[in-house]
Amino acid sequence: MRILVTGGAGFIGSSLCERLASLGHAVEIIDNFNDYYSPLVKRQNLFDLIQKKNVHLTEGDICDPQILNECFARSKPDRVVHLAAWAGVRPSIEKPLLYQRVNVEGTAAILEACRTHGVRHVIFASSSSVYGDREQVPFCEDDNVDFPISPYAASKKAGELLCHVWHHLYGLNIYALRFFTVYGPRQRPDLAIHHFAKQMMAGLPCVLYGDGSTSRDYTYIDDITDGILSAIDRVNGFEIVNLGNSTPTRLDQLVLMLGEAMGITPEIRFEPTKPGDVTRTFASTAKASRLLDYHPKVSMQEGLSRFAEWFKAGQGLADHTGKA
């Protein structure tokens with residue numbers, strides 16, 4: 001199968017592309033190596049992968065129709081996995097127009113390229129952030145998501161709506177997968193687990209925003225890629241599907257568990273909650289189990305152990321500026 005992956009140099013993207021290439025698929029990657037965090041980190045993610053004969057990299061912006069047309073015409077994909085986006089809840093509050101352009105207009109550009117080039121099957125990376133700050137748990141795909149609390153969350157909901165429009169008007173088969181706090185080797189350096197690991201290694205306190213009682217449904221990268229691979233094979237019609245672990249972990253407990261995995265007793269400092277942060281995330285995975293035969297396998301303890309092993313081997317020491 002020929003599969004085009006947008007944002008294929010990132011954490012989830014590069015992990016997925018490695019799996020796809022190992023399964024013998026022809027993989028086309030498009031990525032603009034933006035500076036949200038060090039482009040060197042993303043290039044390192046692909047260093048070995050792009051040496052493979054069945055992998056090709058296009059450097060470019062998904063908002064550039066010429067680049068998209070050339071990429072689609074050359075690679076002739078059977079499936080598109082659209083992961084490319086400006087990520088992060090807090091940064092989106094500072095740069096809302098950038099998130100609108102890349103995450104909303106870029107998604108429309110990808111969908112239109114799929115229509116133009118006859119690609120009938122698409123996977124769209126959405127986010128648990130679309131659920132907003134809700135009390136009722138677990139989060140189910142048919143819950144009302146009309147109240148996002150960050151530009152990033154709003155951009156992901158807008159992407160889901162665009163996917164439905166292209167399904168309804170043009171018959172594209174699209175699964176929108178709502179990822180729940182993905183972690184593991186290669187995790188973005190701005191995300192909590194990676195950030196806390198750097199603070200611990202530097203002998204600095206781990207700064208927790210709020211009182212430590214917030215919780216997240218942390219999901220290990222291998223479980224996420226399993227879900228995406230299943231969606232690639234099974235996508236039919238239009239569906240929104242959670243990919244989570246269904247076992248939320250409190251923030252203060254996460255820091256202690258990570259410290260144990262790192263062999264470090266962490267110092268914790270509390271600061272006020274940041275705008276855009278939600279109190280909890282908690283995925284219902286019943287629909288994913290039914291549609292995708294999705295059953296997450298990696299426990300939090302095991303996942304943090306694998307992350308710590310990768311980090312302490314020197315793979316996670318570069319920060320978002322590229323400095324060691």
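User: Is K274 buried, exposed or partly exposed, and at what relative accessibility?
Analyst: This is a predicted model, in which local features need pLDDT of at least 70, side-chain atom pairs count only at pLDDT 80 or more, and totals for chains, interfaces and linings use all residues. Residues are numbered from 1 along each chain as its sequence is written, and side-chain values use heavy atoms, with hydrogens and water left out. Buried means under 20% relative accessible area, exposed over 50%, and partly exposed in between (1.4 Å probe, protein chains only). K274 therefore counts as partly exposed, at 35%.

User: Which residues does K274 touch, not counting those up to four places away in sequence?
Analyst: K274 is found in the loop between β13 (268-271) and α10 (286-292); helices (H or I, at least four residues) and strands (E, at least two) are DSSP runs, numbered from the N terminus. The C-alpha atoms of K274 and Y209 are separated by 6.5 Å, with the two residues 65 apart along the chain. With contact taken as heavy atoms within 4.5 Å, the residues touched by K274 are R90 and Y209.

User: How many of the residues of strand β5 are buried?
Analyst: In a regular strand, side chains alternate between the two faces of the sheet. On one side of β5 lie H121, I123, A125 and S127, on the other V122, F124 and S126, and all are buried. Strand β5 (residues 121-127) is largely enclosed by the rest of the structure, because the number buried is seven of seven.

User: What is the bridge partner of F124 in β6?
Analyst: Two strands pair if DSSP finds at least two bridges between them. β5 runs parallel to β4 (residues 79-82), with three bridges, and H82 stands opposite F124. β5 also runs parallel to β6 (residues 173-179), with seven bridges. The β6 partner of F124 is A176.

User: Which residues have the most contacts inside the largest nonpolar core?
Analyst: A nonpolar core is a set of buried Ala, Val, Leu, Ile, Met, Phe, Trp, Tyr and Cys residues joined through side-chain atoms within 4.5 Å. L177 touches, among others, I123, F124 and A125, as well as I228. The largest core has 56 residues, and those with the most contacts inside it are L177, F179 and I228.

User: How many residues does the second, separate core have?
Analyst: Its members include C63, C71, F72 and L162. The count for this second core is 27 residues.
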